Amino acid sequence: MNYTVIYTKESDGWYTTQVVELPGCISYWVDIEDAQKMTKEAILVYLESAKKHETDNVSLLKNQYTFISNMFVDDLVHI
């Protein structure tokens, strides 16, 4: 299954990843390669835990459509 992962480079240079379809599946790593590898591991652990605890969050989220977009806001003074 494909998952949408948001990568954010933090002010300290580390990366935070968030898996959109899996609420609370967040990881924090020093470089992008570790972030990718460990986010895959976090997804597997999340799914294993959901199965063990019979959590239905995963099946509820499988059919959602998610997209990420950039939005430029020119001037907030007019609000």
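Analyst: One term before we start: two strands count as paired if DSSP finds at least two bridges between them. Keep in mind, too, that this is a predicted model.

Let's pick strand β2, residues 15-19. This strand is mostly covered, with four of its five residues buried.

Now for its partners. On one side of the story is strand β1, residues 5-9, which pairs with β2 in the antiparallel sense over five bridges.

Follow the chain onward and you meet strand β3, residues 26-29. β2 pairs with β3 as well, again in the antiparallel sense, over four bridges. Here you can look for T16, whose bridge partner in β3 is Y28. β2 and β3 form a hairpin too, with six residues between them, and G24 in that turn has a positive phi of about 90 degrees.

Together with W14 and V30, Y28 forms a nonpolar patch on the surface, and the three have about 260 Å² of accessible area together. Where is V30 found? V30 lies in the loop between β3 and α1 (32-52). Is V30 buried, exposed or partly exposed? With a relative accessible area of 40%, V30 counts as partly exposed, because that label covers values between 20% and 50%.

Conventions:
Residues numbered from 1 in each chain as written. Predicted model: local features only at pLDDT ≥ 70, side-chain atom pairs only at ≥ 80, totals over all residues. Heavy atoms only, no water. Buried < 20%, exposed > 50% of the residue type's maximum accessible area, 1.4 Å probe, protein only. Helix = DSSP H or I, 4+ residues; strand = E, 2+ residues; numbered from the N terminus. Patch = residues over 30% accessible without salt bridge, like charges linked within 9 Å, V, L, I, M, F, W, Y side chains within 5 Å. Areas by Shrake-Rupley, 256 points an atom, 1.4 Å probe, with all protein chains shown as cover. Salt bridge = Lys/Arg side-chain N within 4 Å of Asp/Glu carboxyl O.
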